[in-house]
Amino acid sequence: IRDFCLSRGLGDVYKRQVSTQSTGSHCPRMSQLGESNKYQIRKAEPADIPTIIDLIHRLAEYEKQPEEVVITNQQLLEDGFGEKPLFHVYLAEILSADKCLSVGFAFYFLTYSTWKGRVMYLEDLFVLPEHRGKGIGVGLLGKCAEEAKRLNCKRFEWAVLDWNTPAIKFYQSIGSKPLNEWIKYRMDEQAINAFLEGKYSGKTNTEKQ
């Protein structure tokens, strides 16, 4: 999860809310957080791809890395909405002037633990800054947790930026634990190609310096 801004009492908000499902582009039913804060959470459909792309870009802009986003509508369509989807998305919507506005999303997929079995990994959880503090982020997290339970996942995992102190405190308060003993590694496309072509030194970055 790259960003999740929390306010007081959001855990209680999720316990009180009534989550709804909708497959339409309108908002027939809404969870109530006061008259001005109605929202719903639903599974994304192929028609929502432009909205998902927009939220991904908004997230990247918020993190000051807009140039890193290269994903396309076609990629999302092929990878997420075919016979064997590689990921799933929940969208959070609010009712504004009789129209639905998508204000957040949760992007997740299944992976596997050789020790435990099925694992759900939450790649992104993002709520637009102007719509935070309404319980929407917790609602998205809760929907993913419900799906993880339904799928009999043994773990529900995510990452959080080390400077996001409010989120870290909240995650610990709901029973999640930091994996301090693990260091996350990544190869980008260039590194993968270099590795496969044998163009690597075998030395650590420290040794190179």
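Strand E1, residues 39–43, is mostly covered, with 4 of its 5 residues buried. Buried here is under 20% relative accessible area, exposed is over 50%, and partly exposed lies in between, with a 1.4 Å probe and protein chains only. Strands are DSSP runs of E, at least two residues, and helices are runs of H or I, at least four, numbered from the N terminus.

A note on the source: this is a predicted model, where local features need pLDDT of at least 70, side-chain atom pairs count only at pLDDT 80 or more, and totals for chains, interfaces and linings use all residues. Residues are numbered from 1 along each chain as its sequence is written, and side-chain values use heavy atoms, leaving out hydrogens and water.

Back to E1. It pairs with strand E2, residues 88–96, in the antiparallel sense over 5 bridges; two strands pair if DSSP finds at least two bridges between them. Tyr39 stands opposite Ile94, and Lys43 has Tyr90 as its bridge partner.

Now the whole sheet. It is open, with 5 strands in the order E1-E2-E3-E4-E5 and mixed pairing. E1 and E5 (155–158) are at the edges with a single partner strand each, so one side of each has no neighbour in the sheet.

Next, helix H4, residues 136–150. H4 packs on the sheet and touches E1, E2, E3, E4 and E5, contact being heavy atoms within 4.5 Å. Of its 15 residues, 11 are buried, so H4 is largely enclosed by the rest of the structure. Among them are Ile136, Leu140 and Lys143. After H4 comes Asn152, with a positive phi near 60°.

Terms used. Axes are lines fitted to C-alpha atoms, for helices over the stretch in contact, and angles run from 0 to 180 degrees between N-to-C directions.
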